[in-house]
2 protein chains.
Amino acid sequence: MARPYYIGVDMGGTNIRCAAVSAQGRVLMMKRAPANAHAAADAVTANIVARVAELERAAGERGWGRARAIGVAVPGPLDLRTGVVLAAPHVAAWRSFPLKRRLERRLGPRVVLENDANAWALGEFWRGAARGRRDVVLITLGTGVGGGLIVNGHIVHGRRGGAGELGHMTVNPDGPRCDCGSHGCLESYASASGLRTLVVSRLRKRPAKLPRKYLDDGGDFSVRRLYRSARAGDPVARWAFSTAGRYLGVAIASLLNIFNPELVVLGGGVSGALAFMRAPMMAEVRARSFSAVAAQCRIVRAGLGREAGVVGAAYAAMHSRRSS
Amino acid sequence: MARPYYIGVDMGGTNIRCAAVSAQGRVLMMKRAPANAHAAADAVTANIVARVAELERAAGERGWGRARAIGVAVPGPLDLRTGVVLAAPHVAAWRSFPLKRRLERRLGPRVVLENDANAWALGEFWRGAARGRRDVVLITLGTGVGGGLIVNGHIVHGRRGGAGELGHMTVNPDGPRCDCGSHGCLESYASASGLRTLVVSRLRKRPAKLPRKYLDDGGDFSVRRLYRSARAGDPVARWAFSTAGRYLGVAIASLLNIFNPELVVLGGGVSGALAFMRAPMMAEVRARSFSAVAAQCRIVRAGLGREAGVVGAAYAAMHSRRSS
């Protein structure tokens with residue numbers, strides 16, 4: 001029997017996740033496949049189309065019919081008005097790439113793009129930690145720092161979908177250089193790459209290579225290892241998380257004064273180390289935000305994990321469909 | 001003949017402005033009177049009621065009937081849900097004061113409160129520099145720094161009306177102490193009081209008193225005089241505006257990355273000195289905001305002057321009325 005569902009696609013640097021989601025936000029079916037992010041622009045696109053087709057076929061076999069709309073969460077700045085990906089950090093070939101048009105050529109006029117951090121935020125809003133709330137600031141602390149803003153129950157897109165880049169608020173104008181070219185962005189402290197820079201700068205007098213306790217098996221910097229070191233009492237690891245927490249608190253305080261939210265949701269891998277960031281973070285929040293506004297807000301961990309992106313992408317698709 | 005109109009009240013520290021505003025945002029009649037802000041809580045309230053009654057009487061004589069709704073712009077944090085003024089910097093007696101209830105007791109159930117900076121922003125949005133726009137950040141640089149946020153055509157209130165405190169974004173975590181108790185807020189640089197602190201700190205080695213060229217006739221610090229000194233080439237005045245401009249640029253860059261607005265509107269007395277702030281401001285905006293987002297945004301001066309507050313208060317009244 002036909003069953004209304006939406007497809008959410010989350011295009012990461014390594015994997016592409018693709019899910020059939022019910023109108024109530026339940027994940028009915030989910031598939032994961034390599035993203036092939038280093039391939040040519042059209043090959044990456046064809047991979048998305050193939051994954052969607054595969055999912056729709058499986059849904060068809062169960063008699064659910066076609067997806068009503070398809071939401072695609074894309075990393076990196078995009079222009080929602082034109083459906084053009086301006087630059088995607090993990091997909092080198094997508095520069096000023098008309099992704100929406102290319103996808104619609106194969107999938108029909110039911111494709112909706114969304115920034116990946118916004119999709120994550122929408123997932124948490126629909127089915128996760130921010131369920132039932134109206135005014136929420138969501139910050140994802142991963143390789144970089146992204147975010148999504150829910151104001152009065154709607155995601156904030158701004159003029160063309162560029163809103164929500166919370167990782168690039170300045171928290172210290174004379175701080176370290178950020179990958180975006182600026183200095184002292186939140187991301188340059190509270191992301192995996194920011195933590196790495198903090199550790200490297202702290203150990204400057206030691207050999208250029210980081211101690212093995214901060215590295216994963218491949219020899220790359222690892223937030224999980226840093227966290228383990230912090231738990232074991234390592235002072236450098238504790239200092240790094242404490243510094244990240246301090247600047248995260250500076251950013252959250254500004255966001256409280258700007259938005260008067262009822263909830264701040266923290267997600268992403270680095271948020272797993274919140275235990276070592278919370279005290280300095282809260283000290284800044286208390287010192288810098290209006291007390292009435294701080295009293296009206298709770299700061300919590302995200303609830304959904306990795307499926308937030310596909311759920312939020314499906315939400316974006318469903319709502320865009322409804323309003324058109 | 002009856003004519004639909006709304007009353008907008010702008011409660012300042014010195015004066016209270018009160019206007020009859022048409023449904024199209026035209027000021028039909030405006031009156032100004034002393035605010036009596038130092039009187040007891042109920043006396044200040046009674047003064048507002050008297051001014052509104054006076055205006056309504058004059059409107060009645062012209063056959064316009066009663067105002068459909070009355071918007072009151074109030075300085076300082078307030079709780080929009082309960083209609084309680086938490087603290088008003090210029091009205092000492094209003095602390096946790098149930099202003100809405102007290103006004104409605106005399107004026108009937110048609111009173112709408114709004115934060116004064118939000119009212120100013122709504123005035124600029126309805127009839128001023130931001131007319132016809134959907135996504136706008138408005139910053140008023142006065143004695144303090146306030147702001148208003150228009151997202152997708154609506155003012156951002158947050159959970160209880162505390163949103164838009166753009167003056168209390170941290171732009172330099174180790175910066176000077178702000179009146180709010182925090183350090184390095186935008187207000188501690190780009191307001192009249194911030195400029196005063198900058199000048200005092202710069203002249204630390206000179207006598208405690210500021211040179212007369214920075215003072216008004218009453219002997220108080222004057223942004224107008226500081227501006228005149230800057231025009232005459234005074235290096236301290238130029239440095240102060242340049243520093244204010246730098247941190248204003250840091251804040252605007254963060255706001256562009258957060259909101260992707262199409263317009264930033266700058267108002268208030270300090271914005272009259274924009275000529276001396278613009279270059280350092282724009283340098284920070286360019287260095288710190290995403291280029292696509294910066295390219296989509298213009299930064300302009302406010303359009304309405306002192307009547308923005310009453311116009312915006314009337315707008316808030318009109319729209320609250322419509323949605324109830």
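1. A polar contact here is a pair of N or O atoms within 3.5 Å; within protein, one must be able to donate a hydrogen and the other to accept it, and residues adjacent in sequence count only if both atoms are side-chain atoms. With that in hand, look at B:Ser222, whose side chain reaches the backbone nitrogen of B:Arg224 at 3.3 Å. A polar atom of the B:Ser222 side chain also lies 3.0 Å from the backbone nitrogen of B:Arg225.

2. A word on the ground rules: this is a predicted model, in which local features need pLDDT of at least 70 and side-chain atom pairs count only at pLDDT 80 or more, while totals for chains, interfaces and linings use all residues. Residues are numbered from 1 along each chain as its sequence is written, chains are lettered from A and ligands numbered from 1 in the order in which they are written, and side-chain values use heavy atoms, with hydrogens and water left out.

3. Back to B:Ser222, which sits in the loop between helix H5 (192-202) and helix H6 (223-231) of chain B; helices are DSSP runs of H or I with at least four residues, strands are E runs of at least two, and both are numbered from the N terminus. B:Ser222 is buried, at a relative accessible area of 10% (buried means under 20%, exposed over 50%, partly exposed in between, with a 1.4 Å probe and protein chains only). Not counting residues up to four places away in sequence, B:Ser222 touches B:Tyr214, B:Leu215 and B:Asp216, a contact being heavy atoms within 4.5 Å.

4. Over in chain A, please have a look at A:Trp120 in helix H3 (residues 116-127). A:Trp120 is buried, with a relative accessible area of 10%. Leaving aside neighbours within four places in sequence, its contacts include A:Leu138, A:Ile139, A:Thr140, A:Val265 and A:Ala308.

5. For chain A as a whole, the secondary structure comes to ten helices and 13 strands. Its radius of gyration is 20 Å, close to the 20 Å that the globule rule gives for 324 residues, so chain A is as compact as a globular protein of that length (C-alpha atoms are used, and the rule is 2.2 Å times the number of residues to the power 0.38). The C-alpha trace spans about 60 × 45 × 35 Å along its principal axes.

6. Finally, 59% of the 324 residues of chain A count as buried. Among chain A contacts with a separation of 6 or more, 61% join residues 24 or more positions apart.
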